[in-house]
Amino acid sequence: MGVKPPEAAVLVIGGGIAGMQAAIDLGNMGYRVHLVERSPSLGGRMAQLDKTFPTNDCAICILAPKMRECFDHADVTTHTYAELVELTGELGGFKARVRLKPRYVDTARCTGCGECLFKCPVKVPNEFNMGLDKRRAIYMPFLQAVPKKMTIDASRCMQLTRGKCGNCAKVCQAGAIDYAQREEMLELSVAAVVLATGFDLYGAQALTSYGYGRIKNVITAMEFERLICASGPTHGHLERPSDHAIPDSVAFIQCVGSRNMKHKPYCSAVCCMHATKEAILAAEHYPELKPYIFYMDMRAVGKGFFKYVQRAQSDYRVTYVRSRPGEIKEDGAGNPVLWYEDTDSSRVKSLTVGLVVLAQALLPSRGNDALSEIVGVPLDDYGFFRIEDKLLRPMDTVRPGVFACGFCQSPQDIPDSVTQASGAAARVAEVLAGQAGKVNAA
Amino acid sequence: MNEAARIGVFVCHCGNNIGGVVDVPAVVDYARTLSGVAHAEGNLYTCSEDGLGKIAAAVGKYGLNRVVVASCTPRTHEALFQSCCEKAGVNKYLFEFVNLREHCSWVHMKEPERATLKAQALVRMGVAKARLLEPSAEVGFAVRPSCLVVGGGVAGMTAALNLAHQGFEVHLVERADQLGGKLRLLHRLFPTGQRASVILDSLAAQVEHSPNITLHLGSELAGLFGYIGNFKANLRTPEWDVELEVGTIIIATGASELPAAGLYRYGDLPGVVTQLELERRLKESRSGLGNVAMVLCAGARGENRQYCSRFCCMNAVKNATLLKEADPQRAVYVLYRDLMTYGVEAEEWLARSKKLGVRYLRYRPECPPVPVGDGKLSGVRVSGGGLGADIELAVDTLVLITPLVANQGSPDLARLLRVPLIDEHFFLEAHVKLRPVEFATDGIYVCGSAKWPCDIPESISQSLGAAAKAASAMGGRGRKVEAVTAVVDEQLCRGCGVCESLCPYSAIELRAREGGALLAAHVNEVVCKGCGVCGVACPSRAITNRHFTTDQIGAMIEAALADLR
Amino acid sequence: MLRALIRPDQIFYCFADCGVCEGYCPVARQEPTFSPRRIVMAAAQGNLTALLSGDDIWRCRSCGRCSYHCPAAVDFLSLIRELREQALALKTEAVARQGATSKDGIKGDGREAA
């Protein structure tokens, strides 16, 4: 008894690590996959990380082969800079309309050489580097982007908004600039949908007592990640914002917005570990630097995580302080001053450090609000896609044929997201097998 | 090699990446002087549609039978150029990639003249190898569409059902006389509060009635041979031994509760129980538990077991809630070191339990709680934990929440399967981040607490993940092996076995030669990854590492040093 | 009995290992032994005797910073007022010592109750 390759197509929304894994697994099982990613490149949040816990693997080094495997997969068609705008039908026979946003660059000709970057006069905050530096109106999100093509941000381009400039077109040796490009609509027939839209970051300025936005040397964990990363705005030098000096001590504060009835009551699941990782990276880069982590519970539950935390203490001089600081003030030299309770002695103490890193709460992607309407899957109170049966079918949403994996449905780290992505692929296969005869051909 | 090499060399400018440092026209001119080169040209971007078109055109026009592209890194574009060659009629193994960017222009940006000389040398090396390249066909192999699932708990049953519903044949092996694993012992499950027995009955019934699943109860895996697509598994069943032929294997053998002997006066003082004993009593709705305190991390996160068992905190929160709901007057205390209620549901259960009056008290690892009682438990003394003074709680039951530990049989099973374990004897996956349910060995997958303690939803996600991997191997559009494998010349092989002992993938085995009793090494192409260790070690030079032969590498080295003569 | 007066959901959400309240508290900065967290924990455990007879519950200035920032939404001000009410009813020594007459705090404290 053999099993024929299925004659069906599946739509995956989201090109981060979870979406790519789901697409690869579905492709390997023989489905034709359409992967739709909103930004110009695959990779998602993982591309912004420096290293990943607990192995301290370089994030982009383990991500890039997945990006290529996904993009080059014979059965996966990747649509970047694209969005789902409509989904009708039902399990076995969905019709999806996808908008391919105009890049104003002919991707068949563009080779990603980057010549155009030098001539574009417009500079805007670089989202990939959390606004710590600037990019141009024509840009590639990051150097290892897949596909390696440029994109023009239409809202910032002088040529597209005012008809003045055209520098990139003049410089492009491949003749790839096309200001007249229009959006295209793609109509797809798919049998099932997998949602993998990942996470966004809570605005840390909402926790006014911590001074984010007011005190220069209070930054977020993701900003720290970009600073410590060799491909970031400071080439891996931990230069603090006020004076670009290397801090002699760093305080990582956990649960900023998470586990807070007034902000996000849930736990974001990964921050204890990423703070430990960031503390280790800081100590590794600077042997004199003293890291502190302020926390309530140290959630090191995964494989090798507890040993990682122990190593942070024994080998990297990380001091774990069980306390959630009250307020952060600033001294005359721009150093943040933390006021906190030492919960063992119950005394109030203050600690002056060179830099504060806030572990901001992680939220399901803000795009889920609109996407929820389009795919007909409701969100829970916190914005996660609603799962019908969290015990036995953890990737099945309430709509038959639509599955969700990774952070868009519950807080989780990379291994769990990758696992859920593969699991969602298995569920697609199982459910479609049960629909034999009622499935649209690809 | 029975045809004269007609090599085409395509040197890429890569915009300014290479061309800005290396004098590409000079490299092209140089390439033309090399023996065997029938055509050489420079491209602005060889990887573009335009560049690929030029390769195809040149193959036709100049009758090229080997292609060398000197550009960036094979990591990005090797597959692209290989595919371009195949389409133009040149076998993909007659293509050679020379890296002039990472290996040259990017690292010698300040020395353009020397960089150009180096680029010429690199091209000379590439051409030297290209002359000796041989075409190869990739072997396709079939994977039997049947899976052996070892372990009949929730993970094993879920994987088995998923694969069965997809149309694959499944053999589900369970050591006990019944399905269910830990589900048999649990009362209500986090996060939905459903009864374990209801879930179990439903899953077991589906498994028993599935026409694609053959259930082997009271059975164990006693031997395993073969490789992906072609495993031969020996089962020991109550009646007889069975040999199964399967294509893939999923390990779902779960884990065990750490025995509580020696902890907190367990066994010594009536009233001190384990978590599973509590679950049983809750199932049997036996009252008589009285006031309850739970000690988390009993026997965990210490010298002997340096890990957190992941789900115990949420399980404790769940049970504490159930105890309070059953009797709101009863006092329930949870004694913890860190409360691992991560995510959304666990925090919600925690908040609800606090509202019901469950009290949470932290203790310091240096001062664990002390059970108090004479003849039977009367209380527990808790110190520290931000309270200041010591406090004695009057309780009738002390629940020791011990971690999961690997099954005693794990080392034997790992030996049988030839897969690795970590120090704590949980199975070690291929890559902790990106290949969490696979082993480095193709065709064998792992899920659930056998890999690392996890709760039921996580176990199910993992088992479905493993099922997806198994289904990919067994279904899909067939698999091919890259022709970069090792080949043994039986005439030269002495059967010494060094290669077999060194192969990291267990791809070599000594077997009897045809028509003889003497042994010779045989490489399983499907499993071989072309690492080259065997070829290097063979004392008889009987092994050829295809596409990286000694002659080819030797020619490259000679070419590299040519300008020193 | 006294516990019944303190609604469980007022204080039981307290994270216990947090201390944001004390990190903000102006009294705690000056008086090392004053700990709003310990007060909440003691009340949650039902150890009210020491609390009611002690001076701590009168030290609170009712500035409200703790409650405003408390991630568990503990209503510390209501808690303090209820404890004071009980203390006044019991006429504890601390009441006499502090000259307290109202659950709103000490007169002349310079701060109006929130």
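View 1. With 16 C-beta neighbours inside 10 Å, B:Ser256 counts as partly exposed (buried means 20 or more other C-beta atoms within 10 Å of a residue's own, exposed 12 or fewer, partly exposed in between, with C-beta atoms placed from the backbone). This is a predicted model, where local features need pLDDT of at least 70, side-chain atom pairs count only at pLDDT 80 or more, and totals for chains, interfaces and linings use all residues. Residues are numbered from 1 along each chain as its sequence is written, while chains are lettered from A and ligands numbered from 1 in the order in which they are written. B:Ser256 sits in strand β13 (residues 255-257) of chain B; strands are DSSP runs of E, at least two residues, and helices are runs of H or I, at least four, numbered from the N terminus.

View 2. Leaving out residues up to four places away in sequence, B:Ser256 touches B:Leu404, B:Val405 and B:Asn407 (contact means C-beta atoms, placed from the backbone, within 7 Å). B:Gly181 is 75 residues apart from B:Ser256 along the chain, with 9.9 Å between their C-alpha atoms.

**View 3. Helices α2 and α3 of chain B meet.** The axes of α2 (residues 49-62) and α3 (residues 74-88) come within 9 Å and cross at roughly 35° (axes are lines fitted to C-alpha atoms, for helices over the stretch in contact, and angles run from 0 to 180 degrees between N-to-C directions). On the α2(B) side, B:Leu52, B:Ile55, B:Ala56 and B:Val59 make the contact, and from α3(B) come B:Cys84, B:Lys87 and B:Ala88.

Conventions: Contact = placed C-beta atoms within 7 Å.
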